[in-house]
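Biologist: I would like to learn how to read the features of a model such as this one. Please give the general idea each time, then the case at hand.

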Amino acid sequence: MKPRLIELDILGDERGSLVALEAQQNIPFPIARVYYIFGTKPGVERGFHAHRSLQQVAVAVSGACTMVFDDGKERSEVRLDDPSRGVYIGNMIWREMKDFTADCVLLVLADRHYDESDYLRNYAEFLEQLNG
Ligand code: TYD
């Protein structure tokens, strides 16, 4: 699977830069939740789950990290290191995050509220759900 990258227009002027994220415009779903991951300790890897229904877009608004995606057939990686580039993550995609820079702020937009029952945190169960 090829991760779907979203180019975000930079509204820049002599003062600096601004990026706007708008539901059903450059973000392809209604936004129900926004969270951000920051202060990630060196060497930490996180994620290691898929979502049954959730769609998300992730943007490294500062610093960089690597996201690994797995659709049960193929794995692929994206280095997020540009506040004008997001990655769309559909449902039933296993994701892992690694190689965070100390200054990384990973912003995530989601189309649903937090719901632990939407998570698949076990890779074997993820494959079972995909194939079953
Ligand atoms: P978790 O999903 O484990 O993070 P990762 O993206 O690395 O898999 O989330 C860490 C903790 O934060 C966990 O206890 C669940 C909680 N959490 C919320 O309460 N709301 C949220 O929107 C998210 C994403 C996590």
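Modeller: Cys 65 has a relative accessible area of 0% and is buried. The word has cut-offs: buried means under 20% relative accessible area, exposed means over 50%, and partly exposed is in between, with a 1.4 Å probe and protein chains only. Before going on, note that this is a predicted model, in which local features need pLDDT of at least 70 and side-chain atom pairs count only at pLDDT 80 or more, while totals for chains, interfaces and linings use all residues. Residues are numbered from 1 along each chain as its sequence is written, and side-chain values use heavy atoms, with hydrogens and water left out.

Biologist: How many disulfides does a search of the whole structure find?

Modeller: A disulfide is a pair of cysteine sulfur atoms within 2.5 Å. The search of the whole structure finds 0. For Cys 65, the nearest cysteine sulfur belongs to Cys 104 and is 4.2 Å away, and Cys 65 is in no disulfide.

Biologist: Is Cys 104 buried or exposed?

Modeller: Cys 104 is buried, at a relative accessible area of 2%.

Biologist: How many helices and strands does the protein chain have?

Modeller: Helices (H or I, at least four residues) and strands (E, at least two) are DSSP runs, numbered from the N terminus. This chain comes to 1 helix and 10 strands. In order from the N terminus, the elements run β-β-β-β-β-β-β-β-β-β-α.

Biologist: What is the radius of gyration of the protein chain?

Modeller: That radius is taken over C-alpha atoms, and the globule rule set beside it is 2.2 Å times the number of residues to the power 0.38. Here it is 15 Å, close to the 14 Å given by the rule for 132 residues, so the chain is as compact as a globular protein of that length. The C-alpha trace spans about 55 × 35 × 25 Å along its principal axes. Of the 132 residues, 41% count as buried.

Biologist: What share of the contacts comes from residues 24 or more positions apart?

Modeller: Contact means heavy atoms within 4.5 Å. Among contacts with a separation of 6 or more, residues 24 or more positions apart account for 76%. Val 59 in strand 4 is a case to look at. Leaving aside neighbours within four places in sequence, the contacts of Val 59 include Leu 8, Arg 85, Val 105 and Leu 107. Val 59 is buried, at 2% relative accessible area.

Biologist: What does Val 57 touch, not counting residues up to four places away in sequence?

Modeller: Val 57 is also found in strand 4 (residues 56–62) and is buried, with a relative accessible area of 1%. Among the residues that Val 57 touches are Ile 6, Ile 27, Phe 29, Val 87 and Leu 109. Tyr 123, 66 residues apart from Val 57 along the chain, has its C-alpha atom 21 Å from that of Val 57.

Biologist: Where is Glu 125?

Modeller: Glu 125 is in helix 1 (residues 123–131). Glu 125 is partly exposed, at 29%, and touches Arg 52 and Leu 120, not counting residues up to four places away in sequence. Now take a loop residue: Asp 99 is found between strand 8 and strand 9 (105–110). Asp 99 is partly exposed, at 47%. With the same exclusion of residues up to four places away, Asp 99 touches Val 44, Ala 64, Cys 65, Thr 66 and Arg 79.
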